[in-house]
Amino acid sequence: MEPTPVTRTRPGTAEVSGTDRPRPARHVRLDYSRTRQRRILLHPEAVVVLNGTGAAILELCDGRHTVAEIVTELGTRYRSVPEEEVRRFLGRLVARHWLELTDG
């Protein structure tokens, strides 16, 4: 599947729907830093240290899970998972070209 065109909703964000299937961009990799004892997002310009929630979301961004499925899976792990917050988080990463979306 080809990545879908990105629609920007406000500066620094992109619109993400429940049927989109996010995956890391080709130049981005999710990894674990032993030094920091945390998951990190590696890309050519920098290293992003992720909090637990961000890491949990990105671990499910494999191009197979839809955003709705990611929210459902996180809901089984945690008490409350606001779908809008997950979509905003993913939208920021898409706007930075760290994630790509394929249409469900």
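**Contacts, burial and packing in a predicted model**

Q: Which residues does Leu 90 touch, not counting residues up to four places away in sequence?
A: Leu 90 touches Val 16, Pro 22, Ile 57, Cys 61, Val 67 and Leu 99. Each counts as a contact because heavy atoms lie within 4.5 Å. The model is predicted: local features need pLDDT of at least 70, side-chain atom pairs count only at pLDDT 80 or more, and totals for chains, interfaces and linings use all residues. Residues are numbered from 1 along each chain as its sequence is written, and side-chain values use heavy atoms, with hydrogens and water left out.

Q: What makes Val 71 count as buried?
A: Its relative accessibility is 13%. The cut-off for buried is under 20% relative accessible area, with exposed over 50% and partly exposed in between (1.4 Å probe, protein chains only). Val 71 therefore counts as buried. Across the chain, 38% of the 104 residues are buried.

Q: Where does Val 71 sit, and which residues does Val 71 touch, not counting residues up to four places away in sequence?
A: Val 71 belongs to helix α2, residues 67-77. Its partners, with that exclusion, are Val 81, Glu 83 and Val 86. Val 71 and Val 81 are ten residues apart in sequence, and their C-alpha atoms are 6.6 Å apart.

Q: How many helices and strands are in the chain?
A: Three helices and seven strands. Helices are DSSP runs of H or I with at least four residues, strands are E runs of at least two, and both are numbered from the N terminus. From that terminus the order is β-β-β-β-β-β-α-α-α-β.

Q: Why are α1 and α3 called roughly perpendicular?
A: The axes of α1 (residues 52-59) and α3 (residues 83-95) cross at roughly 75 degrees and come within 11 Å. Angles of 65 to 115 degrees count as roughly perpendicular, under 35 as roughly parallel, over 145 as roughly antiparallel, the rest as oblique. The pair is therefore roughly perpendicular.

Q: Which residues make the contact of α1 with α3?
A: Gly 54, Ile 57 and Leu 58 come from α1, and Val 86, Phe 89, Leu 90 and Leu 93 from α3. By class, six are nonpolar, one is polar and none is charged.

Q: Which residues of the largest nonpolar core touch the most other members?
A: Ile 57, Leu 58, Cys 61, Leu 74, Leu 90 and Leu 99, out of 25 residues. Elements giving two or more residues are α1, α2, α3 and β7 (99-102). The largest share, six residues, comes from α3. A nonpolar core joins buried Ala, Val, Leu, Ile, Met, Phe, Trp, Tyr and Cys residues through side-chain atoms within 4.5 Å.

Note on methods:
Axes are lines fitted to C-alpha atoms, for helices over the stretch in contact, and angles run from 0 to 180 degrees between N-to-C directions. Ala, Val, Leu, Ile, Met, Phe, Trp, Tyr, Cys and Pro count as nonpolar, Asp, Glu, Lys and Arg as charged, and the others, Gly among them, as polar.
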